Amino acid sequence: GLAAGMACAGFSVYGIAGGSAGNDFALLNFIVAASAAGFLVCNFHPARAFMGDAGSVPLGLLAGGIGVVGWQAAAWPAWFPVLVFSPFIVDATVTLLRRARRRERVWHAHRDHYYQRLVRLGWGHRRTAVAEYAVMLAAGGSALGLLRVAEPYQWLGLAAWAALYAVLAWRIDGAWAARA
C-alpha cells in the first residue's frame, strides 16, 4: 500500500495547491488521489491486490508531469512538487546512487530501498507504510505552508527537510549496519 497511500496524499496536496491558485487542474489531482484511495482499500497490508511497477511507474510519471504543469501554470514554484513527493524521490535517488557507486546493475530487482530495509529490520509492512504516510503528509503539509512564506523562508524549510532526510538515512543505515 505504499505507492497508493502516498499517491493519495501527494495528489491531494497538489489538488489543494492547485485549487488555492485557482487552477483548473485541481480536480484532476483530486480524481487521481481518490482513485489511489480506492485502490488502497484492497492494497493496504495485508494486500488483496498489488499495484507493482505497472501502476507505480505511471503514478510517478503523472506526479512529475503534473508537477511541471503546475509550475508552468504558476500554481506553485519548481521546488513544490519535489518536496511533496520527496519521500519517494529521496529514497529512490539515494538507493540508485548507492547501487551505481557499488557498480551494481541499477535496473535489476533489489531490496535496498529504505522502506524495504525498515521492513527487513522488523518494522513490518503496516508500520513501515504508516510511517511513510506520516512523512509524506508532513512533507506535503509543510510544502503547502511554505507556499505562504517569503522565498528565503522557503529555502530554509527545504534545507530543514534535507537535514531531516539525512538524519533519517543515517539512523536507518546505522540500524542496518548493526544488524549484521
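Student: Which residues does F80 touch, not counting residues up to four places away in sequence?

Tutor: This is a predicted model. Contact here means heavy atoms within 4.5 Å. Leaving out residues up to four places away in sequence, F80 touches V13, Y14, A17, A143, L144 and L147.

Student: Which residues touch the most other members of the largest nonpolar core?

Tutor: That core has 36 residues. Members that give two or more residues come from α1 (2–20), α2 (26–43), α3 (52–72), α4 (79–84), α6 (114–146) and α7 (151–179). The residues touching the most other members are F11, Y14, W76, F80 and L83.

Student: What pattern does the protein chain follow along the sequence?

Tutor: The chain has seven helices and zero strands. Read along the sequence, the pattern is α-α-α-α-α-α-α.

Student: What radius of gyration does the protein chain have, and why does it agree with a compact globule?

Tutor: The C-alpha atoms fill a box of roughly 50 × 40 × 30 Å along the principal axes. With 180 residues, a compact globule would have a radius of gyration near 16 Å. The chain agrees with that, at 17 Å.

Student: How far apart do the centres of the positive and negative side chains lie?

Tutor: There are 15 positive and 8 negative side chains.

Conventions. Residues numbered from 1 in each chain as written. Predicted model: local features only at pLDDT ≥ 70, side-chain atom pairs only at ≥ 80, totals over all residues. Heavy atoms only, no water. Helix = DSSP H or I, 4+ residues; strand = E, 2+ residues; numbered from the N terminus. Rg over C-alpha atoms; globule rule 2.2 N^0.38 Å. Lys, Arg positive; Asp, Glu negative; His and termini not counted. Charge placed at Lys NZ, Arg CZ, Asp CG, Glu CD. Core = buried A, V, L, I, M, F, W, Y, C linked by side-chain atoms within 4.5 Å. Buried < 20%, exposed > 50% of the residue type's maximum accessible area, 1.4 Å probe, protein only.
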